[in-house]
Each structure stands twice: as structure tokens, then as C-alpha cells.
Amino acid sequence: MMSRTIKAAALAGTLSLIVFGAAPAQADPVYLKGYGLGVAGLEVMAPHYFRTFAGQLLLDMGSPDAADDFIAYCIDPTRTRTTIQDMSERALSELPELGNPAAGVQPNAGGRIAWLINTYAGDAWLRANADSADQNARAAALQLAIWEVLFEPFGSYSLTSGSLKLLWAAENHPLILSYSNLYFSSLGANTAEALWYDIRDPQNGYGQDYAGPLPVPESGSFMLVAAGLLGALRAATRRGRP
């Protein structure tokens, strides 16, 4: 029993370092700077109607150059997106438990969204085809898939039915529908961890949250601590063997 406890603690510590040790520092404020790959003017019901851009959002933490810019995806389309917001970083798996977005978030949605982001948000996937329309459709489909997983019950994912739907003749967006179906079929019961950018609008309370993939560790000290935790995990595993 003790070895299992040590093993769990080592895993938790390693995960915390991965999620927060090399992430952009907590920022006050964060700016919505612009848009990347995606599709504008999509009409969505979720459950109320809105017209939106779906795809990459470019966020800026205030530096005059692009050194602190990063790409993220919207988590809650039902909340207002403002230009300047306060941000704190959390593990995306915590999303349902912390109550932002509000009621309606599905159990384990954060973990499933994290898997989608870690698998499909990278340039290796999004830019795999030289056709810009294809690239934009991949990013838009990922954003819509994130919203779908957030609000629809597990196993009933579809952009053409349910409480979240792509409107305005969804058949006019065959690439988006095709890629979203690919994401849903690949997702299954997979979960992972990613970064949740928990937003507070200084004037209106909760803002529109974002999420992004885990960062690549750069700090040598971070790597040493992580290696130590992994060593503790291996030692606990060895002690647990008969």
C-alpha cells in the first residue's frame, strides 16, 4: 500500500511540474491579439445562437515583441470574450470541478479536451496539407470538437445534432464535418492533461477561458526536479515488486 502511495505522489508531482513548471508565467493581464488558422462567420447553437470564429486564438501577455505570444483555443463560447483579461493557469482536468465554465460541463470533459488539443493542435497536424482551406478546416473542426465535448454527453458527439450544432447548412462545411468526425472517432475514452487558462474579466467576473497543449520544458532545473520525481517513482515501483 505504501509503495502505491509513493508512486501516486511521484506521478502527481511530475504532472504538476509538466503542467506548471514550464508554462507561461501567470499574467495580469492577458490580451487577445488576433487569430490564426480557422474559419470565421460560422453559425453555432450552443444552446443559444451565436456567430463566431472557430480556430486558433493568438494571446499576448504584454511584451512589446512576440516572445510571450502563444496559441490557444476557446473553452467556453457562451462567455464574453474581451480584449484585456486576467489569467491564471490550471490543469485542464480540473475544469468541471472548479465551475468555470458554468453548469453544463460534462464529467471528465477537461481531460478529453486535453487529449484532443495535445493530439491535433500542433503544426505537424494542422499544416500537414499545403492547401490553406484544409488547414483552416482542421483548426475550425478542432475548436468545434472542443465545444462539443465540453457540453455533450460522452459518446453522442456530432456537430449536426444535440445541444451544440453547426448551423447554416452544415453540409456546406464538408471539410469541417469530416475532420470533426475524425477527432471524435479517434478520441474514444482517451484523456490527457493540458493547460487551462482560467480567465477573469476585471469588470464582469468570469471571462472566456482558453486551453493549450503542454509546453516543452526548457529549464535545466525543471528537468532535474522532474528526473528526481521519476526516480522516486521507479524506486517505489521496484519496492512494490515481490
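Asp-69 touches Lys-33, Leu-58, Leu-59 and Asp-60, leaving out residues up to four places away in sequence; contact here means heavy atoms within 4.5 Å. Asp-69 has its place in the loop between S2 and S3, and its side chain makes a polar contact of 2.6 Å with the side chain of Lys-33. A polar contact is a pair of N or O atoms within 3.5 Å; within protein, one must be able to donate a hydrogen and the other to accept it, and residues adjacent in sequence count only if both atoms are side-chain atoms. This is a predicted model, in which local features need pLDDT of at least 70 and side-chain atom pairs count only at pLDDT 80 or more, while totals for chains, interfaces and linings use all residues. Residues are numbered from 1 along each chain as its sequence is written, and side-chain values use heavy atoms, with hydrogens and water left out.

**Overall picture**

- The secondary structure comes to seven helices and eight strands; helices (H or I, at least four residues) and strands (E, at least two) are DSSP runs, numbered from the N terminus.
- Of the 242 residues, 46% count as buried, where buried means under 20% relative accessible area, exposed over 50% and partly exposed in between (1.4 Å probe, protein chains only).
- Among contacts between residues at least 6 apart in sequence, 69% join residues at least 24 apart.

**The largest nonpolar core**

- A nonpolar core is a set of buried Ala, Val, Leu, Ile, Met, Phe, Trp, Tyr and Cys residues joined through side-chain atoms within 4.5 Å.
- The largest one has 59 residues, and Leu-92, Leu-116, Leu-144 and Ile-176 touch the most other members.
- Elements that each supply at least two residues of this core include strand S1 (27–45), strand S2 (49–60), helix H3 (109–120), helix H5 (132–151) and helix H6 (174–187).
- H5 gives the largest share of this core, 12 residues.
- Which residues does Leu-144 contact, leaving aside its neighbours within four places in sequence? They are Leu-42, Val-44, Ala-54, Leu-159, Leu-164, Leu-166 and Ile-176.

**Aromatic rings**

- The structure holds 10 aromatic pairs; rings of Phe, Tyr and Trp (its six-membered ring) pair if their centres lie within 6.5 Å, and planes under 30 degrees apart count as stacked, over 60 as edge-to-face and the rest as tilted.
- Tyr-120 and Tyr-183 form a tilted pair, because their ring centres are 4.4 Å apart and their planes stand at 40°.
- That pair links distant parts of the chain, with Tyr-120 in helix H3 and Tyr-183 in helix H6, 63 residues apart.
- Tyr-120 is buried at 8% relative accessibility, and Tyr-183 is buried at 0%.
- Trp-125 and Tyr-179 have ring centres 5.9 Å apart and planes at 90°, so this pair is edge-to-face.
- Trp-125 is partly exposed, at 21% relative accessible area, whereas Tyr-179 counts as buried at 11%.
- Ring pairs join Trp-115, Tyr-120, Trp-125, Tyr-179 and Tyr-183 into a cluster.

**Charges over rings**

- Arg-138 lies over the face of Trp-125, 4.1 Å from the ring centre; a charge sits over a ring if NZ of Lys or CZ of Arg is within 6 Å of the ring centre and within 35 degrees of the ring normal.
- The charged end of Arg-90 sits over the ring of Trp-196, 5.9 Å from its centre.

**Helix H3**

- H3 is largely enclosed by the rest of the structure, because 10 of its 12 residues are buried.
- Among the buried residues of H3 are Trp-115, Leu-116 and Tyr-120.
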